Amino acid sequence: MLIQTRHDGFLHPVPSEITSRHIYQDRRDLIKLMASGTAGAVLASWASRSGLAQSDSPRAGKLAPLQSVRSSLPGAVTMEKLTAYKDASSYNNYYEFGTDKSDPAQNAHSLRSSPWTVEVEGLIKKPARYALEDLLKLSVQEERVYRLRCVEGWSMVIPWVGYSLSELIRKVEPLGSAKYVEFVTLADPKAMPFVGSRVLDWPYVEGLRMDEAMHPLTLLGFGMYGEVLPNQNGAPVRLVVPWKYGFKSSKSIVKIRFTEKQPGTAWNKAAANEYGFFSNVNPGVDHPRWSQATERRIGEDGLLTRKRKTLMFNGYEAQVGQLYAGMDLKKNF
Ligand code: MTE
């Protein structure tokens with residue numbers, strides 16, 4: 001049974017500084033122009049409009065805007081076509097709200113993403129309970145365009161907004177004994193119709209090895225497409241780990257815990273032979289029930305559209321390959 005509640009769960013507070021979606025779109029267009037070498041002529045007009053938008057420009061988007069700077073991190077920019085916002089926010093996996101791809105967009109309005117706190121605990125010197133507002137301000141929000149490759153064989157290209165998880169990790173000063181980071185997400189049966197179902201062991205928990213969590217590409221995400229996250233995409237704060245299958249990117253995080261032992265994770269507990277702890281995107285290691293060699297890019301669904309070849313580490317091998325040097329990735333899948 002689905003619980004229907006008020007529709008206002010889509011809006012939650014954000015920092016006061018804002019960038020509207022049209023400015024954001026302009027910025028993306030500018031990136032394209034820069035690539036084609038014709039940016040100079042439009043730069044001035046873009047800059048002035050962008051200045052205006054900081055304060056009082058009308059917004060085109062539905063959700064609150066989230067100001068960001070474009071990331072200069074290697075791997076955080078791609079010239080690939082962005083997935084349409086409509087697709088990225090209506091074709092989702094968020095099992096707390098149902099198992100069909102359309103369920104989260106339909107049901108997640110019952111998620112109350114404000115007020116929100118994230119507890120940071122375990123093997124650290126400075127355990128703390130962060131209000132979302134403080135977490136948002138902890139570092140500069142960057143826009144990073146990442147590919148998200150789902151274990152089911154589809155992918156998207158999404159402009160996320162957030163900052164490296166490592167910024168938060170440094171603040172809380174992990175002890176030498178901290179080897180893993182566990183991410184616990186909200187499990188509220190009142191707001192989430194599928195919590196209590198036997199599909200997964202709730203709450204949805206994920207984990208990373210410490211060096212993975214510290215890698216600059218690992219993003220603590222608060223927004224996408226220049227706005228705060230829609231509920232179905234994991235509002236108000238989620239992880240985005242671009243070189244791993246999408247299920248490692250836990251949504252609506254309420255607790256971050258530093259541990260010595262490898263945490264038990266939701267999909268690994270459900271089917272250990274199918275979903276390993278590492279879950280690095282790897283076209284050479286098939287899922288027991290299907291190949292992982294190719295993928296379908298959401299939005300390219302014509303009858304004659306050819307599948308894309310899946311890239312090792314989802315195309316981030318240059319950035320993250322070293323983390324796994326010497327490891328047997330067939331065993332540690
Ligand atoms: N986080 C929670 N809490 N619950 C979930 O069911 N699904 C995961 C991940 N994070 C999931 C989750 C899976 S399987 C994927 S592919 C991605 O979220 C999907 O993210 P998206 O809907 O923003 O594309």
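How far is an oxygen atom of the ligand from an N or O atom in the side chain of Lys251? The distance is 2.7 Å.

1. Basis. This is a predicted model: local features need pLDDT of at least 70, side-chain atom pairs count only at pLDDT 80 or more, and totals for chains, interfaces and linings use all residues. Residues are numbered from 1 along each chain as its sequence is written, and side-chain values use heavy atoms, with hydrogens and water left out.

2. Overall fold. The protein has 9 helices and 13 strands. These are DSSP runs numbered from the N terminus (helices: H or I, at least four residues; strands: E, at least two). Of its 333 residues, 53% are buried (under 20% relative accessible area; exposed is over 50%, partly exposed in between; 1.4 Å probe, protein chains only). Contacts are heavy atoms within 4.5 Å. Among those with a separation of 6 or more, 74% link residues 24 or more positions apart.

3. Ligand site. The ligand is surrounded by 16 residues, and the closest are Asn92, Tyr95, Glu96, Arg238 and Lys251 (a heavy atom within 4 Å). Glu96 places a polar side-chain atom 2.8 Å from a ligand nitrogen. An N or O atom in the Arg238 side chain lies 2.7 Å from a ligand oxygen. The protein covers 99% of the 530 Å² of accessible area that the ligand has on its own (Shrake-Rupley method, 1.4 Å probe).

4. Lys101. This residue sits in the loop between helix 3 (85-88) and helix 4 (103-107). Lys101 is buried, at 17% relative accessible area. Its side chain makes a polar contact of 2.8 Å with that of Asn93 (N or O atoms within 3.5 Å; within protein, one must be able to donate a hydrogen and the other to accept it, and residues adjacent in sequence count only if both atoms are side-chain atoms). Beyond four places in sequence, the contacts of Lys101 include Asn92, Glu152 and Trp154.

5. Cis peptides. The bond from Ser114 to Pro115 is cis, with omega near -5°. Pro115 lies in the loop between helix 4 and strand 2 (117-122). The bond from Trp202 to Pro203 is also cis, with omega near -5°. Pro203 is in the loop between strand 6 (180-185) and strand 7 (205-209).

6. Positive phi. Tyr225 is not a glycine, yet has a positive phi of about 50°. Its loop runs between strand 8 (219-224) and strand 9 (227-228). Tyr225 is buried at 6% relative accessibility. Ser252, not a glycine either, has a positive phi of about 50°. Ser252 is in the loop between strand 10 (238-240) and strand 11 (253-259), and is buried at 0%.
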